[in-house]
Amino acid sequence: MIKVPLTVVGAEKLKAELAHLKSVERPTVIAAIAEARSHGDLSENAEYDAAKEKQGFVEGRIAELEGKLSNGQIIDPKDLAETAEGRVVFGATILLQDLETEAEVKYQIVGDDEADIKEGKISVSSPIARALIGKYAEDVAEVMAPGGIREYEILEVQYI
């Protein structure tokens, strides 16, 4: 089984979502199905159909989250400071400068489920993360972007 990398924060978010689905959403859906059943004929009962569809979604998401958490390899970026020796690795936070525009951006490399560009979290499988992995501060990474190759200088690598 392939281990899926997760940061500590990402694993906690998945655990919180799983707990919410099990303790709030699942009982709500079960109650909605029971209520819809009490209305009689299920063949023309839109409420029942909607509740069953929601139940399928909730149960599917629960199974998905349980699978990700059971196959997850939780990585705390703070534990990487010594072993990474300044390299860009999963969980690292990187300050970059676009060499064309001189704009600075800060990203953390996280698992696919944690990625959120608005929060500055990019997926480990994204083109920019793949270009950065293994590099050091002051290295230049070439990233294939939709508009062509972009060059970024790594200004700083942090493990926070």
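# Sheet, cores and loops

Reader: Which residue in S5 stands opposite Ile 109?

Author: Ile 122 in S5 stands opposite Ile 109. Keep in mind that this is a predicted model.

Reader: Do S4 and S5 run parallel or antiparallel?

Author: Parallel. S4 is joined by 3 bridges to S5, which covers residues 121-123.

Reader: And in what sense do S3 and S4 pair?

Author: Antiparallel, over 5 bridges. S3 covers residues 93-98 and S4 covers residues 104-110.

Reader: Zoom out. What is the strand order in the open sheet?

Author: S5-S4-S3-S7-S6, so 5 strands with mixed pairing.

Reader: Which strands are at the edges?

Author: S5 and S6. Each of them pairs on one side only.

Reader: How many degrees are neighbouring strands turned against each other?

Author: On average 45°, with direction ignored.

Reader: Back to the hairpin. How many residues sit between S3 and S4 there?

Author: 5 residues. Glu 102 is in that loop. Its phi is positive, near 65°, and Glu 102 is not a glycine.

Reader: Why flag that?

Author: Most residues other than glycine have a negative phi.

Reader: Is Glu 102 buried or exposed?

Author: Exposed, because its relative accessible area is 58% and the cut-off for exposed is over 50%.

Reader: Which other residue has a positive phi without being glycine?

Author: Glu 138, with phi near 80°. Glu 138 sits in the loop between H4 and S6. Glu 138 is exposed too, with a relative accessible area of 66%.

Reader: New topic. How many residues does the largest nonpolar core have?

Author: 22. Leu 96 and Ile 128 have the most contacts inside this core.

Reader: Which elements supply at least two residues each?

Author: S3, S4, H4 (127-132), S6 (140-145) and S7 (148-158). H4 gives the largest share, 4 residues.

Reader: Which residues does Leu 96 contact, leaving aside neighbours within four places in sequence?

Author: Among them are Ala 103, Val 105 and Tyr 107. Leu 96 also contacts Ile 128 and Leu 132, as well as Tyr 152, Ile 154 and Leu 155.

Reader: What about a second core, which residues does it include?

Author: It includes Ala 11, Ala 36, Ala 51 and Ile 62. This core is separate and has 13 residues.

Reader: Now Arg 150. Which strand is it in?

Author: S7. Arg 150 is partly exposed, with a relative accessible area of 27%.

Reader: What does Arg 150 contact beyond its sequence neighbours within four places?

Author: Asp 98, Glu 100 and Thr 101, plus Ala 141, Glu 142, Val 143 and Ala 145.

Reader: How far is Arg 150 from Ile 128 in space?

Author: 9.5 Å, C-alpha to C-alpha. In sequence, Arg 150 and Ile 128 are 22 residues apart.

Reader: Which backbone oxygen does the Ser 126 side chain reach?

Author: That of Ser 123, at 2.7 Å.

Reader: Last one, annotations. What does UniProt place at residues 4-74?

Author: The unreviewed entry gives "domain: Transcription elongation factor GreA/GreB N-terminal" there. That stretch is 77% helix and 10% strand. Its end C-alpha atoms are 8 Å apart.

Reader: Which residues does UniProt list for the C-terminal domain?

Author: Residues 85-159, as "domain: Transcription elongation factor GreA/GreB C-terminal", again from an unreviewed entry. Over residues 85-159 the chain is 8% helix and 44% strand. The end C-alpha atoms of that stretch are 10 Å apart.

Definitions and conventions. Residues numbered from 1 in each chain as written. Predicted model: local features only at pLDDT ≥ 70, side-chain atom pairs only at ≥ 80, totals over all residues. Heavy atoms only, no water. Pairing = 2+ DSSP bridges. Core = buried A, V, L, I, M, F, W, Y, C linked by side-chain atoms within 4.5 Å. Buried < 20%, exposed > 50% of the residue type's maximum accessible area, 1.4 Å probe, protein only. Contact = heavy atoms within 4.5 Å. Axes fitted to C-alpha atoms, helices over the stretch in contact; angles between N-to-C directions. UniProt positions renumbered as here; feature names shortened; annotations may be inferred. Polar contact = N/O pair within 3.5 Å; in protein donor to acceptor, adjacent residues only side chain to side chain.
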